[in-house]
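Colleague: I'd like a close look at one part of this model, and then how that part sits in the whole. Could you take me through it in one go?

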Amino acid sequence: MHMLPRTRTGRAAVWMLLPVLVYPLYWSVVMAIPDSMRWLSIAVGAAIMALGIAALLTAGVALVRDRDRSWLLIAITVLTVAMVAFFAVGEILGGR
């Protein structure tokens, strides 16, 4: 196993997954956005969600079809899936 992805698909998946992992830090910026510009917050959230879905599909292709077994790709994919599951369970249990 390598540290960095060796295939183009693996590298693309890593670059698409990084903004998804940094997204929780965006919430500190959301509080500074006035109520009149909430559309910006919604647009960024929707873009991150679409990017996350595309990134997870790309990572799946890199892991299964291209057999790109790199530590970084596997770690970032696992962290992203855990974060998505954590937020999904939180929304289901306490979404008010």
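Colleague: Where does Thr7 lie?

Modeller: Thr7 is in the segment before α1. Keep in mind that this is a predicted model. Leaving aside residues up to four places away in sequence, Thr7 touches Asp66 and Asp68. Asp35 is another matter: Thr7 and Asp35 are 28 residues apart along the chain, and their C-alpha atoms are separated by 43 Å. For scale, the C-alpha trace of the protein spans about 45 × 25 × 20 Å along its principal axes.

Now for the rest of the fold. The protein has three helices and zero strands, and going along the sequence you read α-α-α.

Take the pair α2 and α3 next. Their axes are 11 Å apart, and the two helices pack at an angle of about 140°. That angle is why α2 counts as oblique to α3; the label "roughly antiparallel" is kept for angles over 145 degrees. As for handedness, α2 passes α3 in a left-handed crossing. On the α2 side, the contact is made by Leu56, Ala59, Ala62 and Leu63. From α3 come Leu73, Ile74, Thr77, Thr80 and Val81. Sorted by class, this contact of α2 with α3 has seven nonpolar residues, two polar ones and no charged ones.

Then there's the largest pocket, with a volume of about 450 Å³. The elements giving two or more residues to its lining are α1 (8–30), α2 (38–64) and α3 (71–94). Of these, α2 gives the most, with seven residues. In total, 15 residues line the largest pocket, and Tyr23, Ile48, Met49, Val84 and Phe87 lie nearest its centre. By class, the lining of the largest pocket divides into 12 nonpolar, two polar and one charged.

Key
Residues are numbered from 1 along each chain as its sequence is written. This is a predicted model: local features need pLDDT of at least 70, side-chain atom pairs count only at pLDDT 80 or more; totals for chains, interfaces and linings use all residues. Side-chain values use heavy atoms; hydrogens and water are left out. On a 1 Å grid over the protein atoms alone, a cavity is a set of points where a 1.4 Å probe fits but cannot get out, and a pocket is an open set with protein on both sides within 12 Å along at least five of seven lines; lining residues have an atom within 4 Å of a point. Grid points are joined across faces, edges and corners, and a volume is the space filled by probe spheres set on the points. Helices (H or I, at least four residues) and strands (E, at least two) are DSSP runs, numbered from the N terminus. Ala, Val, Leu, Ile, Met, Phe, Trp, Tyr, Cys and Pro count as nonpolar, Asp, Glu, Lys and Arg as charged, and the others, Gly among them, as polar. Axes are lines fitted to C-alpha atoms, for helices over the stretch in contact, and angles run from 0 to 180 degrees between N-to-C directions. Angles under 35 degrees count as roughly parallel, over 145 as roughly antiparallel, 65 to 115 as roughly perpendicular and the rest as oblique. A crossing is left-handed if the near helix is turned anticlockwise from the far one by less than a right angle, and right-handed if clockwise. Contact means heavy atoms within 4.5 Å.
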